[in-house]
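Here is a short walk through a structure.

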Amino acid sequence: MTAEQFFFYAFAAMTVASAAMVITVRNPVYAVLSLVLTFVASAGLWLLLEAEFLAIALVLVYVGAVMVLFLFVVMMLDINLARLKEGFIRYLPLGVAVAVAMALMMALVVGPEHFGLERVPAPERHGPEYSNTEALGRVLYTVYVYPFEIASVILTVAIVAAIALTLRRRPHTKYQNPDEQIAVRREDRVRLVSMKPERRE
Amino acid sequence: MLEHYLPVVIFLVVGLGVGVVMISLGFVMGRRRPDAEKLSPYECGFEAFEDSRMKFDVRYYLVAILFIIFDLEIAFLFPWAVVLEDIGLFGFLAMVLFLGILVIGFIYEWKKGALEWE
């Protein structure tokens with residue numbers, strides 16, 4: 001077994017094990033953390049395919065940002081496990097139907113006949129000078145410039161949508177305005193009153 | 001290419017080793033005499049006020065999603081910076097347009113006050 005095979009099996013085993021943990025652990029926060037481990041292990045697999053940039057992007061974007069969002073969402077929902085389990089029997093038929101439909105679709109689209117080394121041959125190894133980032137950059141900003149610009153439009157739409165959905169004004173919250181605090185002058189706060197000296201009786 | 005990653009692997013192994021050794025040493029050698037009071041949750045010396053599974057404010061979500069969007073934008077900048085000399089003016093202008101569109105979103109969120117924390 002070569003070193004590369006060793007690392008492949010190590011990362012693959014880690015991916016499968018942590019992915020299984022995502023759906024089996026009871027605490028949703030642990031499930032999210034297992035998903036983080038799944039992403040890290042998949043990044044290792046991509047690295048073995050010499051997809052350097054994608055592996056780093058996976059860690060940077062998914063582990064660094066998307067999973068933080070997942071954690072927020074998990075914490076934002078009121079996770080009361082007893083309440084979650086309440087409707088189990090009632091939702092069981094619908095849930096089973098959805099699960100079966102999804103399993104069927106996945107079997108049709110990504111069944112075993114689509115994989116295998118004769119269908120998808122292993123990518124050829126490049127020399128030590130090969131840079132996946134350069135190869136990607138050369139086509140992304142020239143050949144695929146149109147999808148690239150569309151990506152920016154989608155991101156802008158996401159900004160607008162997130163703000164429209166979640167931004168609420170809270171008129172009754174008390175908060176400090178640092179601008180005003182810094183700009184305050186002595187005259188605004190201190191008033192000197194001249195008065196006659198008083199004598200104590 | 002993969003041979004460049006040997007230091008990363010060594011780093012991973014050492015980091016994993018340090019973490020496992022420290023936790024297992026504490027686990028094996030530490031003294032453990034739990035009782036009901038020691039294991040009960042506390043909050044700065046008080047009884048816990050409420051359950052830890054409380055709802056977070058939706059504003060955290062807004063901050064997180066805005067962070068993701070600009071994180072993605074940064075991810076697009078890396079390969080662009082690496083190949084800028086090869087793709088010439090066209091690639092440069094493509095990125096200018098990309099950033100320009102995102103700046104519109106940025107101005108929108110700034111003016112809307114989404115970056116304010118009241």
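H6(A) and H3(B) pack at about 95°, and their axes lie 8 Å apart. Helices here are DSSP runs of H or I with at least four residues, strands are runs of E with at least two, and both are numbered from the N terminus. Axes are lines fitted to C-alpha atoms, for helices over the stretch in contact, and angles run from 0 to 180 degrees between N-to-C directions. The two helices are therefore roughly perpendicular to each other. Angles of 65 to 115 degrees get that name, those under 35 count as roughly parallel, those over 145 as roughly antiparallel, and the rest as oblique.

From H6(A), the contact uses A:Thr133, A:Glu134, A:Leu136, A:Gly137 and A:Leu140. From H3(B) come B:Phe78, B:Pro79, B:Trp80 and B:Val82. Two residues are in contact if their C-beta atoms, placed from the backbone, lie within 7 Å. This contact divides into six nonpolar residues, two polar and one charged. Ala, Val, Leu, Ile, Met, Phe, Trp, Tyr, Cys and Pro count as nonpolar; Asp, Glu, Lys and Arg count as charged; the others, Gly among them, count as polar.

A word on the model itself. It is predicted: local features need pLDDT of at least 70, side-chain atom pairs count only at pLDDT 80 or more, and totals for chains, interfaces and linings use all residues. Residues are numbered from 1 along each chain as its sequence is written, while chains are lettered from A and ligands numbered from 1 in the order in which they are written.

Stay with H3 of chain B. It covers residues 58-82, which is 25 residues. At 1.5 Å a residue it should span 36 Å, and its end C-alpha atoms are 38 Å apart, which agrees. The expected span is 1.5 Å times one less than the number of residues. Which residues of H3(B) are buried? They are B:Leu62, B:Ile65, B:Leu66, B:Ile68, B:Leu72, B:Phe76, B:Pro79 and B:Trp80. A residue is buried if 20 or more other C-beta atoms lie within 10 Å of its own, exposed if 12 or fewer, and partly exposed in between. An α-helix has 3.6 residues a turn, so residues three or four places apart point the same way. The buried residues of H3(B) pack against helices H3 (52-76), H6 (132-140) and H7 (145-166) of chain A, and against H4 (84-112) of chain B.

Now follow H7(A) to H4(B). They pack at about 5°, with axes 9 Å apart. That makes H7(A) roughly parallel to H4(B). On the H7(A) side, the contact includes A:Val145, A:Phe148, A:Ser152, A:Leu155, A:Ile159 and A:Ile163. On the H4(B) side, it includes B:Ala94, B:Phe98, B:Ile101, B:Gly105, B:Tyr108 and B:Lys112. The residues divide into 14 nonpolar, three polar and three charged.

Pick out A:Phe148, which lies in H7 of chain A. With 20 C-beta neighbours inside 10 Å, A:Phe148 counts as buried. Leaving aside residues up to four places away in sequence, A:Phe148 touches A:Leu140, A:Tyr141, B:Ala94 and B:Phe98.

Step back to the whole interface. There, 47 residues of chain A are in contact with 44 of chain B. H3, H6 and H7 of chain A each supply at least two residues to the chain A side. That side divides into 30 nonpolar residues, ten polar and seven charged.

Next, each chain in turn. Chain A has nine helices and zero strands. Its C-alpha trace spans about 110 × 55 × 35 Å along its principal axes. Its radius of gyration is 29 Å, whereas a compact globule of 201 residues would have one near 17 Å. That radius is taken over C-alpha atoms, and the globule rule is 2.2 Å times the number of residues to the power 0.38. Of the 201 residues, 13% count as buried.

Chain B has four helices and two strands, in the order α-α-β-β-α-α from the N terminus. Its radius of gyration is 25 Å, well over the 13 Å that the rule gives for 118 residues, so chain B is more spread out than a compact globule. Buried residues make up 15% of chain B.

One last stop is A:Glu50, in the loop between H2 (28-48) and H3 of chain A. Its phi is near 65°, a positive value in a residue other than glycine. Most residues other than glycine have a negative phi. With 18 C-beta neighbours inside 10 Å, A:Glu50 counts as partly exposed.
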